[in-house]
Amino acid sequence: MMWLLLCTMALITFYNRYALMSPRLKLTLGDNAQLLLKYTAPAVLTGLWVPIVFTEHQQLNVDPTNPYLVAGLVAVVLSRFIKSPLLVVGLGMVVFFAASWWL
Amino acid sequence: MTIKSKSEAWSREVTVRAIRDVLPLAIAVIPWGLLAGSLAIESGLTPLQAQCMSLLVFAGAAQLASLNLIQLASPWIAIFSTTFVISSRHLLYSAVYRQEALKLPRLKRYILAFLLTDEMFIVSENYRKETGAFSYGYAVVSGLVFYIVWNIASFAGIVLGGVLGNTDELGFEFAVAAIFIAMVMPGVNNIPVLGAVLVSAGVAIVAELNGLSYGILLAGLSGMTTGFVLEKWRGKSS
């Protein structure tokens, strides 16, 4: 039974990844659709990181001692000036650990 | 032209670049892989089943959420709908790659879809922005590296069990946030992208506070619509 569950889950995740790539789907993405899709990466990935930084247990946490908030905002600022993503993440982690211990 | 782009796609340079770009993102999810492996065993899966979950389902957040549901002996329909909702954002990535995928033979299309993750998508999109062209080779190499690291981490979690203890204090969750910040924020350099990011952020927070499971999809679509409208409006006024 567990195998059936696993295989169905695998089909579901594969379906979500493949659905819009299928040639069977008769759909032509025109200029407007392309324009809309241009914003997929920034919009969806922002939707992924923002709740981690600004909320905790489904509550808004904008307390200035919240290490996620402090380090997240520092990382946003740093990412404007530092070209290497790895360095931004590294410095962000340092700020996160420092804030966790001292704030 | 086709021949040139084909050889470009598999060049050593592209391969090395893809590995270098995706490796930090893959390393950041190792703790989650460990967790997915150990949680699967705790949930009553056999080691083989636990490994196959990472090999076949290959979706971190969906795996962890469904394992929690399995532990609670939830009905299958709840497990399936949760899996669908959490991984539904991939529908958008899939749409972004539609034009490119339609040019590929079936097997390559399946491979591209199977390896499609947040991490593969963001590095490939940044690479496309930089070079001006989509590279199948880059996408597959980065996706494959991520797949391998995820599965090794899951394997370690299966073998070692819950060695991590309380993961909240170790900053794993922040590492994921920092990576997405570092990958996305440098691209925010005009009004439509700024609008897209701000609206997506607002919707994501409201959705999280209200416990909406499809919050990420909703945030993504709202942000995309905002970017679209602002770009149209800017085009008209200039």
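Across the interface of domain 1 of chain B and domain 2 of chain B, the rule finds zero salt bridges, a salt bridge being a side-chain nitrogen of Lys or Arg within 4 Å of a carboxyl oxygen of Asp or Glu. This is a predicted model, in which local features need pLDDT of at least 70 and side-chain atom pairs count only at pLDDT 80 or more, while totals for chains, interfaces and linings use all residues; side-chain values use heavy atoms, with hydrogens and water left out. Residues are numbered from 1 along each chain as its sequence is written, and chains are lettered from A, with ligands numbered from 1, in the order in which they are written. Over all chains the structure holds seven salt bridges.

**Domains of chain B**

- Chain B is divided into domain 1 (2-187) and domain 2 (188-238), with bounds that come from an automatic or database domain assignment.
- The C-alpha centres of domain 1 of chain B and domain 2 of chain B lie 24 Å apart.
- Eight residues from domain 1 of chain B and ten residues from domain 2 of chain B take part in the contact, where contact means heavy atoms within 4.5 Å.
- Between them, domain 1 of chain B and domain 2 of chain B bury about 710 Å², 71% of it on carbon and sulfur atoms; buried area is the accessible area (1.4 Å probe) that two parts lose on being put together, summed over both.
- On the side of domain 1 of chain B, Val85(B), Leu92(B) and Gly187(B) lose the most area to domain 2 of chain B, together 54% of what that side buries.
- Three residue pairs, both residues at pLDDT 80 or more, are in polar contact between domain 1 of chain B and domain 2 of chain B. A polar contact is a pair of N or O atoms within 3.5 Å; within protein, one must be able to donate a hydrogen and the other to accept it, and residues adjacent in sequence count only if both atoms are side-chain atoms.
- The residues of domain 1 of chain B that touch domain 2 of chain B comprise five nonpolar, two polar and one charged. Ala, Val, Leu, Ile, Met, Phe, Trp, Tyr, Cys and Pro count as nonpolar, Asp, Glu, Lys and Arg as charged, and the others, Gly among them, as polar.

**A salt bridge within chain B**

- Asp118(B) forms a salt bridge with Arg89(B), and their closest N and O atoms are 2.6 Å apart.
- This pair links distant parts of the chain, 29 residues apart: Asp118(B) lies in helix 10 (residues 118-131) of chain B and Arg89(B) in helix 7 (residues 89-96) of chain B. Helices (H or I, at least four residues) and strands (E, at least two) are DSSP runs, numbered from the N terminus.

**Interface of chain B and chain A**

- The contact takes 84 residues from chain B and 65 residues from chain A.
- Chain B and chain A bury about 6900 Å² between them, with 75% of it on carbon and sulfur atoms.
- One salt bridge is counted between chain B and chain A: Lys38(A) pairs with Glu231(B), the closest N and O atoms being 2.8 Å apart.
- The count of residue pairs in polar contact between the chains, both at pLDDT 80 or more, is 22.
- Helix 12 (residues 172-184) of chain B supplies eleven residues, the largest share of the side of chain B that touches chain A.
- That side of chain B divides into 56 nonpolar, 17 polar and eleven charged residues.

**Chain A**

- Chain A contains five helices and two strands, in the sequence pattern α-α-α-β-β-α-α.
- The radius of gyration of chain A, taken over C-alpha atoms, is 20 Å, well over the 13 Å that the globule rule gives for 103 residues, so chain A is more spread out than a compact globule. The globule rule is 2.2 Å times the number of residues to the power 0.38.
- Along its principal axes, the C-alpha trace of chain A spans about 55 × 45 × 25 Å.
- Chain A is divided into domain 1 (1-29) and domain 2 (39-102), whose C-alpha centres lie 33 Å apart.
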